[in-house]
Amino acid sequence: MRIAVAMSGGVDSSVAAALLQAQGHDVVGVTLQQWPRDDSDEAARHGGCCSLNAVEDARRVATLLDIPYYCWNLEREFGERVIEPFHRAYLEGRTPNPCMRCNAFVRFDLMLSRVLELGFDRLATGHYARVVQGAGGPELHSAVDDAKDQSYMLYHLDHERLGRIVFPLGGMTKLEVREHAREFGLPVANKAESQEICFVPRGQTARYLSSRLPVSAGAVVDTSGRELGTHRGTALYTVGQRSGFGDLAEPGPWYVLRVEARENRIVVGRREELGVRDVALESVTFIDGSAAEPLPCEARLRYHAPAIRAVYEGGRLTLEEPFLGAAPGQAAVLYSGSRVLGGGIIAAA
């Protein structure tokens, strides 16, 4: 087949390209130029999967494999579909997942559409997930390597798109992928993992947000409304956080229970108060298009969080055991064993 490989410059996508070429496919490498070029030099140099360095590493691998290589500029679209919603979500007191939005609205939307328009049969990526042919069509399953599994990030995919996507690494461990990279002689065999948010300098999320969003100090209160201290701006906090409050009137530890952006207020409590069993979801989608309700499932409410047995019905999840720190804006992904059924965004808990 003719396969376009999304090459991020890392070891995973590089090995994906090498494996597909070794299997006899006609492979072309494509990197998405998404980083804001007028943004900080630090983000451009160390921004991970879409940085300037990543493009050069991807180009080196493509040259070594002797495959055509292209860099597509989607900076404007990335800004509109990922960065701007990221900013808005924090202003609304939510905790967004920009990598998930990138997969849903850039990589497996704009990029996949362009790949198919250009006559390719498939789009391949270095994601750790598996596409399995089921009785009703292609299914999305978690990867063999639990520690690297990325199926949580891909719950929005449907049958049509899954039928056009290849995940060559889904049946491998990270150790096996690095061994393959050394066997192929890839220059990125020992390259470190990229950071999670490509447009935010490593470890500087609060600094990034405070330099771009209107933030102002406000009250930190407990669940009875009693004022305990002052916060630095609601956009700098997320549910479950237990630092960044300064000195409060009573000794901690205190955890963020709610971010009330409209009132410019942070509600804190003790760890046991974080536990929730009833979660409201929005923008729910299913890979099969729909699901019979009530739907018994296992729900994952944070990336790499343990799955909890649950029942989904009418836009709500009822969990069999409490989950600590369900943050509005994060995804709740529904599984049946290793199979991803679908998911949605946490609206309230």
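In the predicted model, Phe86 and Tyr90 lie four residues apart in helix α4 (residues 75-91) and are therefore separated by about one helical turn, where helices (H or I, at least four residues) and strands (E, at least two) are DSSP runs numbered from the N terminus. Phe86 is buried, with a relative accessible area of 1%, and Tyr90 also counts as buried, at 10% relative accessibility; buried denotes under 20% relative accessible area, exposed over 50%, and partly exposed the range in between, for a 1.4 Å probe and protein chains only. Rings of Phe, Tyr and Trp (its six-membered ring) are taken to pair if their centres lie within 6.5 Å, with planes under 30 degrees apart counted as stacked, over 60 as edge-to-face and the rest as tilted. By this rule there are nine aromatic pairs, among them the edge-to-face pair of Phe86 and Tyr90, at 5.2 Å centre to centre and 75 degrees between the planes. One aromatic cluster is formed by Phe78, Phe86, Tyr90, Phe199 and Tyr208.

Residues are numbered from 1 along each chain as its sequence is written. As the model is predicted, local features need pLDDT of at least 70 and side-chain atom pairs count only at pLDDT 80 or more, whereas totals for chains, interfaces and linings use all residues, and side-chain values use heavy atoms, with hydrogens and water left out.

Pairing of two strands requires that DSSP finds at least two bridges between them. Strand β10 pairs with β11 (residues 265-269) in the antiparallel sense over five bridges, and the bridge partner of Glu260 in β11 is Arg265.

Elsewhere, strand β15 (residues 316-324) is paired in the antiparallel sense with β12 (residues 275-286) over five bridges, Gly275 standing opposite Leu324. Strand β14 (residues 308-313) also pairs with β15 in the antiparallel sense, over four bridges, and Glu313 has Arg316 as its bridge partner in β15. The hairpin formed by β14 and β15 has two residues between the strands, and Gly314 in the turn has a positive phi of about 55 degrees.

The protein chain averages a pLDDT (the predictor's confidence in each residue, from 0 to 100) of 93, and 95% of the residues score at least 70.
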